[in-house]
Amino acid sequence: MDGVTVQAPGKVNLRLLVGPVRADGYHPLRSLMVALDGPADRVTVAPAAQRSVTCPGIDGPDNLAWAALDALERAAGEVLPPVAVTIDKVLPARAGMGGGSSDAAAVLVAADRLLGLDFGAQRLEKAAAEVGSDVPFFIRGGAQWATGRGEVLAPASAPAFACVIVAGAAGLSTAAVYRAFDDLPPPPPDDGAPPPSGAAGLARWCRNDLWPAARSLDPGLAKVHDLLTSAGAAPALLCGSGSAIAGITATADEAGAIAERVAVALPPARVMRAGFPGA
Ligand code: C5P
């Protein structure tokens, strides 16, 4: 069999509520995650004489894709035939869009198919949780409530929306953002409000408790946020732990108009368009 190629999309967290750090160093979350239609990495897994991971910037064992193959092998309980993973990177790194986690999930799905393991979603999600907190989400996609450290999932409803995503000039380390969160006053409690039924309600409902921490590490993010809101985004929302910021709109036309407005002030390569079909 030739290689298996899988798309690896990005995500935004429409709500990311963060609790006080746990004894294991992770933070308890309650987050509404949605997988985006838009820019996506392409992950190919092919038979090979020995294992390799080729990805611009992060080759080999440092890539989460390598950890994904290790986790698959542990789940299989036997040594698996070696594979070559090739990742065509489109999503920005250290942006909070889950690119690395999505690539790792795509490796699990593609290797499972290539090697005829037939694990099914549940076993793949279990292996994914060993790779990283966000990886199980990308096995499922769609809209999911994520709790625990992000690995406990339940299907969610979320309205359709479009968005303009601005990648930060520099990325942010997830661990550093969570450490900065620990040094700031705790966020307000969860109001328990359900997601709105239409995109118009997102401006009031969306919330990311990591925003003050990300802004403290990269003060330039406030400017991008203000640029997006003054161009009409409602709301402008930090993606995960940053440093990308999503400007949310009801329609793709509105997102296009905002993209044109912000492209005047920012390098076009940092401005991406995406959307969510609703769930
Ligand atoms: O799970 P993952 O390896 O992606 O997490 C990266 C880092 O982000 C963790 O080492 C931890 O510092 C932080 N993190 C956290 N709480 C979470 C998820 C991640 O503190 N729920």
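A crossing of two helices is left-handed if the near helix is turned anticlockwise from the far one by less than a right angle, and right-handed if clockwise. The model is predicted: local features need pLDDT of at least 70, side-chain atom pairs count only at pLDDT 80 or more, and totals for chains, interfaces and linings use all residues. Residues are numbered from 1 along each chain as its sequence is written, and side-chain values use heavy atoms, leaving out hydrogens and water.

First, select helices H1 (64–76) and H3 (120–131); helices are DSSP runs of H or I with at least four residues, strands are E runs of at least two, and both are numbered from the N terminus. H1 passes H3 in a right-handed crossing. On the H1 side, the contact (heavy atoms within 4.5 Å) includes Leu-64, Ala-68 and Leu-72; on the H3 side, Leu-124, Ala-127 and Val-131 are among the residues involved.

Next, colour the buried residues of H3, where buried means under 20% relative accessible area with a 1.4 Å probe, protein chains only. They are Leu-124, Glu-125, Ala-127, Ala-128, Ala-129 and Val-131. These residues pack against H1, H2, H4 and strand S6 (152–155).

Not counting residues up to four places away in sequence, Leu-72 touches Leu-80, Leu-108, Ala-111, Asp-112, Leu-117, Phe-119 and Leu-124.

Finally, select Val-43, Val-45, Leu-72, Val-85, Val-107, Leu-108 and Val-135, which have the most contacts inside the largest nonpolar core, a set of 37 residues. A nonpolar core consists of buried Ala, Val, Leu, Ile, Met, Phe, Trp, Tyr and Cys residues joined through side-chain atoms within 4.5 Å.

Terms used: Buried means under 20% relative accessible area, exposed over 50%, partly exposed in between (1.4 Å probe, protein chains only).
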